[in-house]
Amino acid sequence: MDQGHLTARGIWAARGGGGERLLVLLHGMGANASVWERMLPLIERSWGGRWLAPDLRGHGRSAAEGPYGVGMHAADVAACIAAEVPAAVTLVGHSFGGVVAALVATGWYGPRVHEVAAFGVKLEWTAEEIARARELSARAAPVFATRDEAVARYLRISGLAGLAAPSSATASAGVVAADGGFRVTMDPRAYGAVGPSIAGLLRLAEAPLRLAAGERDPMVALEQMRRIDPAAEVFEGLGHNAHWEAPERVWRFIAGASR
């Protein structure tokens, strides 16, 4: 992944490729754009256009300034897209990134989106889960005495524990030195975005929207997805971070959605 750049809205984004079409990759809550690293070689070989991978507001190298509602994230992403002046836009969203993608695809924020491929999107939240997220959003970001402790925390909240090596570049992108120690590069206030009807937001997309999830993803079930996308599919044997576990399988899903 390249060194990236900051946009006028303080959103950091990596980019690559060439051509008129634009593929936008949106990570899940707690992660950052580095989670796409295992898929980027496939994109560079197979995608006939440019690609853009931003860190969402409050994550990674982007501005840690609220508000952090889904609408603000959608406005940030729309501004990034508008700056690229693409002829056609395909949005790919993992988990919370899929919700942001659907909102961008309403057309309310300017850019016209041609298709959305979203996977691992948690469609149903219990009252207890929402309350827990709100509780986390009210806490200060913990500072750890060692980098190893901060990396372990980042890998856990991004869902990459047991998948990405603590010594990897992806793990490094999730922590930063702070206050004599180390902290995760996520503003806990970003958890406050949890709460709206996710299924309702997905149904607002004007562009065709395809859904998928790993067979072992505990956050969403096939029958839930098929209430929104009757053609929703399951990635056999994969979990929540399917794009890290088997990027080739997820790329086939994305490529199929963008035909």
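Author: The questions below treat the sheet, its strands, the helices and the salt bridges.

Author: This is a predicted model, in which local features need pLDDT of at least 70 and side-chain atom pairs count only at pLDDT 80 or more, while totals for chains, interfaces and linings use all residues. Residues are numbered from 1 along each chain as its sequence is written, and side-chain values use heavy atoms, with hydrogens and water left out.

Reader: What is the order of the strands in the open sheet of eight strands?

Author: Helices (H or I, at least four residues) and strands (E, at least two) are DSSP runs, numbered from the N terminus. Two strands pair if DSSP finds at least two bridges between them. The pairing in this open sheet is mixed, and the order of its eight strands is β1-β2-β4-β3-β5-β6-β9-β10.

Reader: Which strands stand at the edges of the sheet?

Author: An edge strand here has a single partner strand, so one side of it is left without a neighbour in the sheet. This applies to β1 (5–6) and β10 (233–235).

Reader: Which residue of β2 stands opposite L6?

Author: Strand β2 covers residues 12–17, and β1 pairs with β2 in the antiparallel sense over two bridges. Within this pairing, the residue of β2 opposite L6 is W12.

Reader: Which strands does α2 touch as it packs on the sheet?

Author: Contact means heavy atoms within 4.5 Å. Axes are lines fitted to C-alpha atoms, for helices over the stretch in contact, and angles run from 0 to 180 degrees between N-to-C directions. The direction of α2 makes about 155° with that of β3 (21–26), and the strands touched by α2 are β2, β3, β4 and β5.

Reader: Are the residues of strand β6 buried or exposed?

Author: Buried means under 20% relative accessible area, exposed over 50%, and partly exposed in between (1.4 Å probe, protein chains only). E115, A117 and F119 point one way from β6, and V116 and A118 point the other way. Strand β6 (residues 115–119) is mostly covered, and five of its five residues are buried.

Reader: How many bridges join β5 to β6?

Author: Strand β5 spans residues 88–94 and runs parallel to β6. T90 stands opposite E115 in β6. The number of bridges that join β5 to β6 is five.

Reader: Which residue of β9 stands opposite F119?

Author: Strand β9 (residues 209–214) pairs with β6 in the parallel sense, over four bridges. The residue of β9 opposite F119 is A212.

Reader: How many salt bridges does the count come to?

Author: Side chains of opposite charge can pair when their charged atoms come close. The rule for a salt bridge is a side-chain nitrogen of Lys or Arg within 4 Å of a carboxyl oxygen of Asp or Glu. By this rule, the count is 14.

Reader: How many residues apart are E84 and R50?

Author: The side chains of E84 and R50 meet in a salt bridge (3.1 Å, N to O). This pair links distant parts of the chain, with E84 in helix α2 (residues 70–84) and R50 in strand β4 (residues 50–54).

Reader: Why does K122 count as buried?

Author: The side chain of K122 meets that of E129 in a salt bridge (3.3 Å, N to O). E129 is partly exposed because its relative accessible area is 30%. K122 is buried because its relative accessible area is 14%.
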